[in-house]
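Reader: I would like to learn how to read a structure of this kind, one feature at a time. Could you give me the general idea behind each feature and then take me to the case at hand?

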Amino acid sequence: MNDGQPTESDLKKALNYLLEWCAKQHFDNTSTQLNVLPDTGLGQAEAARLTANLSLNRAQSFHSAGWFAHMDPPTPWVTWTTQAFTAAMNQNLLHPDTGEIGRQVEADVVAALAPHFGMDGGHMVPGSTLANLTAIWAAREVAGAREVVASELAHLSVAKAAHVLGLPYRAVPCDGAGHIEADQLGNLEGACLVLTAGATSTGSVDPMTPMPKAAWVHVDAAWAGPLRLSPTHRSKLAGLDAAQSVAVSAHKWLWQPKDSALILFSDSTAAHQALSFGGAYLAAPNIGVMGSSAARAIPLAATLMAFGLEGIAERLDACMALASRFAGHLEADSRFELWAPPETGVIAWRPVGGSVPDLRAKLAAQGYFVSQTKLDGEDWLRSVAIHPGIDVDAVYHAARS
Ligand SMILES: Cc1ncc(COP(=O)(O)O)c(C=O)c1O
């Protein structure tokens, strides 16, 4: 059966849902749940209407100026439209027959970005959980790593990767500002050392100068990696070039729709060779964890072209300035406590003597969203400056009122 091409009017209607959403008009808002498997199909136009009504209207909005909570960005419109191209083309990068253009654009994006991280190549994956797994897998195959070592603030995906790969995992304590304690690293001879550039809860960056000597050093720069594209903030990740691999999430501080991340290697030929499988129906080696794989480089390429390096840096610098401004408000106000000065746009803070969950709920009721984390077993609020248009003054005033 042929589902046919949409009519111009079908496409206009679907686009109109997005236009209405942009204009903050509300849909009829009657559906709270979709009957996702009706006996008789409703047709694509009606299914699009119902889905728009529920998903666009009711999803948490990362585009709001009160979004100061998690590492999920507002997506520039060029990313949605080009993501729709990707879905419409439905390329599969696994095989050149099905993904020639997607493979080419991914190679171009990786070639353009890798040198900014001191790496010579790599590939895209759906997220940094998989980027970290890929890196540690390469460390085991290429350098014979027999153990994974990371700070106590490392993302859970690092311990998860060690578990999947059957490698023991050792957590190293951090100093009071969230940096791995260099003198507690112990013997790293057979280790994949994972340093974090932008810890999830605190944004802290493990020291990389001098880079510790290990069988393999991987830097989980899922969050703060893009700062390497900012001349103002690049030095916060100094030393990164000496790593063997770097993970960067594009669906965090490069404002991409999910799922989009990069795993980069200093010697991508050796790493890719070690992670390649082939034969049977494959005409090119299948590199890394993924099999079928979307053309996720298309919206990233479009974003990089739309803003250029200067525009990306401008947006990152704006986020960093907003984080500093918010931290400044808190520091000057004895009613609040700052965990540490923010290094990379993540601020851990809390009310002195007040309840962290209560303040979080009070802010959410006014449309200001902050998240919550635990540090040394205690509750902290966590604000993430991922939206260049966050109204940090309004968040602060709402917190103190
Ligand atoms: C430092 C760090 N590493 C890895 C990850 C996992 O990335 P993803 O959610 O893209 O799988 C995160 C997610 O927040 C993170 O903050």
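Reader: Which residues of the largest nonpolar core touch the most other members?

Author: Before the answer, a word on the source: this is a predicted model, in which local features need pLDDT of at least 70 and side-chain atom pairs count only at pLDDT 80 or more, while totals for chains, interfaces and linings use all residues. Residues are numbered from 1 along each chain as its sequence is written, and side-chain values use heavy atoms, with hydrogens and water left out. A nonpolar core is a set of buried Ala, Val, Leu, Ile, Met, Phe, Trp, Tyr and Cys residues joined through side-chain atoms within 4.5 Å, where buried means under 20% relative accessible area, exposed over 50%, and partly exposed in between (1.4 Å probe, protein chains only). Here the largest such core has 79 residues, and those touching the most other members are F68, M208, V219, W253, L300, F326 and W349.

Reader: Which helix gives the most residues to this core?

Author: Helices are DSSP runs of H or I with at least four residues, strands are runs of E with at least two, and both are numbered from the N terminus. In this model, helix α9 (residues 297-331) gives the most to the core, with 14 residues. Because domain 2 (80-304) and domain 3 (308-400) both give residues to this core, it lies between them.

Reader: What domains does the assignment give?

Author: Domain bounds come from an automatic or database domain assignment. For this protein the assignment gives domain 1 (8-57), domain 2 (80-304) and domain 3 (308-400). The centres of domain 1 and domain 3, taken over C-alpha atoms, are separated by 34 Å.

Reader: Turning to the ligand, which of the residues around it come nearest?

Author: A residue is near a molecule or strand if one of its heavy atoms lies within 4 Å of it. There are 14 residues around the ligand, of which S128, T129, T200, D220 and H251 come nearest. By class, this shell has 2 nonpolar, 10 polar and 2 charged residues, where Ala, Val, Leu, Ile, Met, Phe, Trp, Tyr, Cys and Pro count as nonpolar, Asp, Glu, Lys and Arg as charged, and the others, Gly among them, as polar.

Reader: Where do polar side-chain atoms such as that of T129 lie relative to an oxygen atom of the ligand?

Author: A polar contact is a pair of N or O atoms within 3.5 Å; within protein, one must be able to donate a hydrogen and the other to accept it, and residues adjacent in sequence count only if both atoms are side-chain atoms. In the case of T129, a polar side-chain atom lies 2.6 Å from an oxygen atom of the ligand, and for S249 a polar side-chain atom lies 3.4 Å from a ligand oxygen atom. On the nitrogen side, an N or O atom in the side chain of D220 is 2.6 Å from a nitrogen atom of the ligand. The protein covers 85% of the 390 Å² of accessible area that the ligand has on its own, an area that comes from the Shrake-Rupley method with a 1.4 Å probe, and for residues only the protein chains shown count as cover. The elements giving two or more residues to the shell are α5 (128-143) and α7 (250-253), and α5 gives the most, with 3 residues.

Reader: Is W255, with its positive phi, buried or exposed?

Author: W255 has a positive phi of about 60° although it is not a glycine, and this residue is found in the loop between α7 and β7. W255 is buried, with a relative accessible area of 2%. D376 is another residue other than glycine with a positive phi, near 50°, and it is found in the loop between β12 (371-375) and β13 (378-384). At 73% relative accessibility, D376 counts as exposed.
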